[in-house]
Amino acid sequence: MVLVLAAGLVAVDQLTKWWAEGLAGRAPINVIGELLRLRLTYNPGAAFSIGTEYTWVLTLFAAAAVVAIGLLARRVASRAWAVGLGLMLGGAATHLLDRLFREPGFARGHVVDFIDYGPFVGNVADIALVVGVALIFVLSVRNVPMGAPAAETAAARSDDAS
């Protein structure tokens with residue numbers, strides 16, 4: 001479930017970015033007054049364009065996040081955790097793709113942002129990352145287990161062995 005959700009998110013995010021690049025050279029389009037607008041930008045940095053001179057470091061962080069979440073996802077037995085990790089994995093993976101394959105070059109690519117909500121400009125992956133992190137935070141605070149209880153895991157292993 002984690003991988004299916006992540007793959008779907010990557011597809012939707014990349015398609016919306018492809019569409020958004022058609023906004024190049026256009027004035028911002030008001031969707032809900034000035035509260036929500038469509039405005040194309042290219043972000044070489046992290047959130048709020050922090051660290052614009054370290055794009056290659058952000059590429060390494062994105063790659064590490066994809067690997068770590070992918071490994072963690074193997075232990076997930078909870079649907080809620082799968083959704084949270086799937087959103088995080090998809091968001092990190094699509095940002096990694098931007099960093100690797102967009103201009104100005106490999107491992108220095110800029111992320112396409114186009115959803116302008118007040119002081120922030122982001123994309124579908126950013127929204128998924130925020131929702132995924134918030135969900136994982138709530139699950140952690142509520143002590144919802146990520147995997148099956150140890151007794152269930154041991155029983156499943158003994159069933160597989162027979």
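# Briefing: a chain of helices and strands

The UniProt annotation "transmembrane region", from an unreviewed entry, covers residues 54–73, 80–97 and 117–139. The model described here is predicted. The protein chain has five helices and four strands.

**Overall layout**

- Along the sequence, the elements of the protein chain follow the pattern α-β-β-α-α-β-β-α-α.
- The protein chain has 162 residues, and 36% of them count as buried.
- Take the contacts between residues at least 6 apart in sequence: 66% of them join residues at least 24 apart.
- The accessible surface of the protein chain is about 9600 Å². Carbon and sulfur atoms account for 69% of that surface.

**The annotated spans**

- Residues 54–73 are 95% helix and 0% strand. The end C-alpha atoms of this span are 28 Å apart.
- Residues 117–139 are 70% helix and 17% strand. Here the end C-alpha atoms lie 27 Å apart.

**The nonpolar cores**

- In soluble globular proteins, nonpolar side chains tend to be buried together.
- The largest nonpolar core holds 13 residues. Val 2, Val 76, Trp 81, Leu 85 and Ile 136 touch the most other members.
- Four helices each supply at least two residues of this core: α1 (2–20), α2 (55–73), α3 (79–101) and α4 (124–141).
- Which helix gives the largest share of this core? That is α3, with five residues.
- Trp 81 has contacts beyond its neighbours within four places in sequence. Its partners are Val 76, Ile 136, Leu 139, Ser 140, Val 144, Pro 145 and Met 146.
- A second, separate core has 11 residues. Among them are Ala 20, Leu 38, Leu 87 and Ile 115.

**Asn 123, a polar residue in a loop**

- Asn 123 sits in the loop between β4 (120–122) and α4.
- Is Asn 123 buried or exposed? Its relative accessibility is 0%, so Asn 123 counts as buried, for which the cut-off is under 20%.
- The Asn 123 side chain makes polar contacts with the backbone. One reaches the backbone oxygen of Val 112 at 3.0 Å. Another reaches the backbone nitrogen of Ala 125, also at 3.0 Å.
- Leave out residues up to four places away in sequence, and Asn 123 touches Asp 13, Lys 17, His 95, Val 111, Val 112, Asp 113, Phe 114 and Ile 115.

**Aromatic pairs**

- A search of the whole structure finds three aromatic pairs. Two of these are described here.
- A pair of aromatic rings is described by the distance of the centres and the angle of the planes.
- The ring centres of Phe 101 and Phe 106 are 6.4 Å apart. Their planes meet at 65 degrees, and over 60 counts as edge-to-face, so this pair is edge-to-face.
- Phe 101 has a relative accessible area of 61%, so it is exposed, the cut-off being over 50%. Phe 106 also counts as exposed, at 59% relative accessibility.
- Tyr 117 and Phe 120 form a tilted pair. Their centres are 6.4 Å apart, with 50 degrees between the planes.
- Tyr 117 counts as partly exposed at 30% relative accessibility. Phe 120 is partly exposed too, with a relative accessible area of 35%.

Terms used: Residues are numbered from 1 along each chain as its sequence is written. This is a predicted model: local features need pLDDT of at least 70, side-chain atom pairs count only at pLDDT 80 or more; totals for chains, interfaces and linings use all residues. Side-chain values use heavy atoms; hydrogens and water are left out. A nonpolar core is a set of buried Ala, Val, Leu, Ile, Met, Phe, Trp, Tyr and Cys residues joined through side-chain atoms within 4.5 Å. Buried means under 20% relative accessible area, exposed over 50%, partly exposed in between (1.4 Å probe, protein chains only). Contact means heavy atoms within 4.5 Å. Accessible areas come from the Shrake-Rupley method with a 1.4 Å probe; for residues, only the protein chains shown count as cover. A polar contact is a pair of N or O atoms within 3.5 Å; within protein, one must be able to donate a hydrogen and the other to accept it, and residues adjacent in sequence count only if both atoms are side-chain atoms. UniProt positions are given in the numbering used here, feature names are shortened, and annotations may be inferred rather than shown by experiment. Rings of Phe, Tyr and Trp (its six-membered ring) pair if their centres lie within 6.5 Å; planes under 30 degrees apart count as stacked, over 60 as edge-to-face and the rest as tilted.
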